[in-house]
Amino acid sequence: ATSVVRQWIGQTYAEKVLPVEIPKTTVTGVASAEFGTVYDVARYDGSTWTKKSRGQGINGRINSIFGTSAKDLIAVGNNGLLMTSTGAGDWTVASGTGSNSFSKVWGLAANDLWAIDSNGYACRWNGTACTQTYVGGVNYLSIWGTSNTNIFACGNSSSVARFDGTNWLTASAGISYPLNDLWGSSSSSV
């Protein structure tokens with residue numbers, strides 16, 4: 001299914017997506033898995049794509065989708081948009097997430113997800129509510145971690161931050177351009 005998914009995205013959004021942006025994951029590799037793009041929310045059942053409702057009252061673009069499985073999905077976007085799905089195709093919009101624009105979402109489990117926003121805040125989603133913490137006064141673009149006591153964020157002005165389970169510690173990567181994304185293989189290799 002991975003080649004089918006990648007081919008469909010490439011044909012449908014050729015002018016908007018670089019080949020490297022089409023993910024190669026276990027979710028896209030399962031023929032019956034749900035798979036969504038940042039341009040719409042769709043479900044792929046192994047042979048057919050079906051557009052699914054993002055719900056009513058959505059004011060904003062989806063910027064990032066993350067799943068701990070095909071049945072535990074979260075999408076974040078502009079204007080505080082945070083939506084969850086159980087994989088059945090319908091999305092539920094969360095309330096109380098503020099009005100900041102979320103750039104990226106990452107997590108460990110359906111009840112332990114983190115979204116980073118453009119005004120220096122992180123939202124920790126526990127499955128029902130969002131708790132916001134101040135990271136630093138820059139536009140953060142990405143978030144990733146190895147545990148709930150070792151989470152990293154990066155963004156404009158070469159800003160980097162690390163959550164130690166209690167506090168966000170900020171620093172500069174010492175470069176003159178923004179850091180758009182981050183990933184690592186362990187807590188000592190980011």
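Which residue is the bridge partner of Thr84 in E6? Select Thr84 and then Thr92: Thr92 is that partner. The tour below starts from this pair.

**Before you start**

This is a predicted model, in which local features need pLDDT of at least 70, side-chain atom pairs count only at pLDDT 80 or more, and totals for chains, interfaces and linings use all residues. Residues are numbered from 1 along each chain as its sequence is written, and side-chain values use heavy atoms, with hydrogens and water left out.

Colour the chain by pLDDT, the predictor's confidence in each residue, from 0 to 100. The chain average is 76, and 69% of the residues score at least 70. Helices (H or I, at least four residues) and strands (E, at least two) are DSSP runs, numbered from the N terminus. Select strand E8 (residues 112–117), where confidence is highest, at 92, and then helix H2 (residues 26–29), where it is lowest, at a mean of 44. Now select residues 18–39. Over this stretch pLDDT stays under 50, and the model has 56 contacts for it beyond four places in sequence; a contact means heavy atoms within 4.5 Å. Where pLDDT is low, the predicted coordinates should not be read in detail.

**Stop 1**

Strand E5 (residues 82–85) pairs with E6 in the antiparallel sense over two bridges. Two strands count as paired if DSSP finds at least two bridges between them. Strands of a sheet pair through backbone hydrogen bonds, either parallel or antiparallel.

E5 and E6 belong to an open sheet of four strands, in the order E3-E4-E5-E6, with antiparallel pairing. Strand E3 (62–69) and strand E6 (92–93) are the edges: each has a single partner strand, so one side of each is left without a neighbour in the sheet.

Next, select Trp91, in the loop between E5 and E6. Is Trp91 buried or exposed? It counts as buried, because its relative accessibility is 7%. Buried means under 20% relative accessible area, exposed over 50%, and partly exposed in between (1.4 Å probe, protein chains only).

Then go to Asn79, in the loop between strand E4 (72–77) and E5. Asn79 has a positive phi of about 60°, although it is not a glycine. Most residues other than glycine have a negative phi, and most peptide bonds are trans. Asn79 counts as partly exposed, because its relative accessibility is 41%.

**Stop 2**

Select strand E9 (residues 121–125), which is joined to E10 by five bridges and runs antiparallel to it. In this pair, Cys123 stands opposite Gln132. Which residue forms a disulfide with Cys123? Select Cys130: the sulfur atoms of Cys123 and Cys130 are 1.8 Å apart. The rule for a disulfide is a pair of cysteine sulfur atoms within 2.5 Å, and by this rule the count comes to one. Both Cys123 and Cys130 are buried.

**Stop 3**

Select strand E12 (residues 150–155). E12 pairs with E13 in the antiparallel sense over four bridges, and Phe152 stands opposite Arg162 in E13. Cys154 is buried, with a relative accessible area of 1%.

E12 and E13 form a hairpin with three residues between them. Pick Ser157 in its turn, with a positive phi of about 60°. Ser157 counts as exposed, because its relative accessibility is 57%.

Follow the chain into strand E13 (residues 159–163), which pairs antiparallel with strand E14 (residues 168–172) over five bridges. Ser159 stands opposite Ser172, and Ala161 has Thr170 as its bridge partner. In a regular strand the side chains alternate between the two faces of the sheet. On E13, the covered face holds Ser159, Ala161 and Phe163, and the uncovered face holds Val160 and Arg162.

End at Gly165, in the turn of the hairpin formed by E13 and E14. Four residues lie between these strands, and Gly165 has a positive phi of about 105°.
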